[in-house]
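Me: Here is the protein I want to go through with you. Please keep the answers plain.

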Amino acid sequence: MVATGTRGGRKPWEVDDGLWERIEPLLPVIERRFRNPGRRRLDDRRVLCGILIVLYTGIPWRYLPQELGFGSGMTCWRRLREWNEAGVWQRLHEVLLAELRVAGILDLSRASVDSSHLRAMKGGAATGPSPVDRGKTGSKHHVIVEAHGIPLAATLTGGNRNDVAQLIPLIRAVPPTRGKRGQPLRRPKHLYAEITPHIARRGTKHGSGLGVHRWVVESAIALLHCFRRLRIRWEIRDDIHQGFITLGCAVICWRRLRTRSDSSAK
């Protein structure tokens with residue numbers, strides 16, 4: 001799966017073999033009923049492609065093209081809900097973080113946090129009047145990344161929630177990162193956050209303040225918002241939108257891991 005365009009003729013929402021090998025063992029097994037089995041359940045991998053189309057393009061569920069063979073929008077929505085409730089996206093994120101640690105890419109010597117406002121078009125839980133959008137209903141994405149900008153966790157709150165109040169819950173949302181012997185890593189040693197605005201003195205060189213460390217989290221938020229479904233919140237249910245956020249974080253981790261693998265193979 002790639003960030004933009006295609007890779008070897010593959011569309012960005014088409015699940016490659018490497019990613020599927022990591023996702024398939026995490027999916028709940030649904031036994032088909034012996035009596036009155038009904039219509040056969042659509043293949044999980046194809047439905048996942050439909051979910052990723054919505055994540056990448058932001059297309060409404062009802063407009064998901066049937067000719068692609070990824071199922072209806074309702075089928076994909078139900079599978080997204082089912083897998084999110086089963087913790088699939090969170091466990092996938094943790095699996096990929098562990099692999100990044102094994103590959104020597106993950107650096108928890110420092111971490112950075114930031115948040116971003118987005119419009120919540122239909123309201124719902126975890127929304128509130130946005131102070132940066134004339135009080136319109138909105139939400140916030142709170143993101144914490146490690147030293148290289150790899151997302152460790154992302155949470156959803158109302159648009160009026162204070163960043164300071166969400167700092168501890170965000171740190172607690174960082175999963176224990178395994179992959180090596182000993183205790184799993186969880187807490188970064190140093191944390192960089194823009195809680196109070198700082199204005200550089202005249203003549204101060206660029207990059208001499210917090211920005212020299214915090215640009216990585218701003219870059220990570222920009223990558224998350226490359227997924228058009230995360231630019232505007234259309235989901236009334238906050239758990240569905242949170243599922244999209246966690247899936248987006250996992251995809252970013254997979255890209256980083258695959259890029260490293262491709263570089264090592266050359």
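Me: Which residues in α2 are buried?
Reply: In α2 the buried ones are D44, V47, L48, C49, G50, I51, L52, I53, V54, L55 and Y56. Buried means under 20% relative accessible area, exposed means over 50%, and partly exposed is in between, with a 1.4 Å probe and protein chains only.

Me: What kind of model is this, and how are the residues numbered?
Reply: This is a predicted model, where local features need pLDDT of at least 70 and side-chain atom pairs count only at pLDDT 80 or more, while totals for chains, interfaces and linings use all residues. Residues are numbered from 1 along each chain as its sequence is written, and side-chain values use heavy atoms, with hydrogens and water left out.

Me: Back to α2. How many of its residues are buried?
Reply: 11 of its 14 residues are buried, so α2 is largely enclosed by the rest of the structure.

Me: How far does α2 reach?
Reply: From its first C-alpha to its last, α2 reaches 20 Å, close to the 20 Å expected at 1.5 Å a residue. The expected span is 1.5 Å times one less than the number of residues in the helix.

Me: How many helices and strands are in the protein?
Reply: There are 7 helices and 5 strands. Along the sequence they follow the pattern α-α-α-α-β-β-β-β-α-β-α-α. Both kinds are DSSP runs numbered from the N terminus: helices are H or I with at least four residues, strands are E with at least two.

Me: Why is the pair of Y56 and F227 called edge-to-face?
Reply: The planes of the two rings are at 75 degrees, so the pair Y56 and F227 is edge-to-face, with the centres 5.1 Å apart. This pair links distant parts of the chain: Y56 is in helix α2 (residues 44–57) and F227 is in the loop between α6 (211–224) and α7 (238–265), 171 residues apart. Y56 and F227 are both buried.

Me: What about W83 and W89?
Reply: They form another edge-to-face aromatic pair, with 5.9 Å from centre to centre and 80 degrees between the planes. Both W83 and W89 are buried.

Me: Where does L64 sit?
Reply: L64 is in the loop between α2 and α3 (73–85). Its relative accessibility is 3%, so L64 counts as buried.

Me: Which residues is L64 in contact with?
Reply: Leaving aside neighbours within four places in sequence, L64 is in contact with G50, I53, V54, I59, G71, S72, G73 and C76. Contact means heavy atoms within 4.5 Å.

Me: How many salt bridges does the count come to?
Reply: It comes to 11. A salt bridge is a side-chain nitrogen of Lys or Arg within 4 Å of a carboxyl oxygen of Asp or Glu.

Me: Which residue does E82 form a salt bridge with?
Reply: E82 forms one with R41, and the closest N and O atoms are 2.7 Å apart. E82 is in helix α3 and R41 is in the loop between α1 (17–23) and α2, 41 residues apart. E82 is partly exposed at 22% relative accessible area, and R41 is partly exposed at 35%. R41, D44, R79 and E82 are linked in a network of salt bridges.

Me: And R229 with E235: buried or exposed?
Reply: R229 is buried, with a relative accessible area of 5%, and E235 is buried, also with 5%. Their side chains meet in a salt bridge at 2.6 Å, N to O.

Notes
Phe/Tyr/Trp six-rings, centres within 6.5 Å; stacked < 30°, edge-to-face > 60°.
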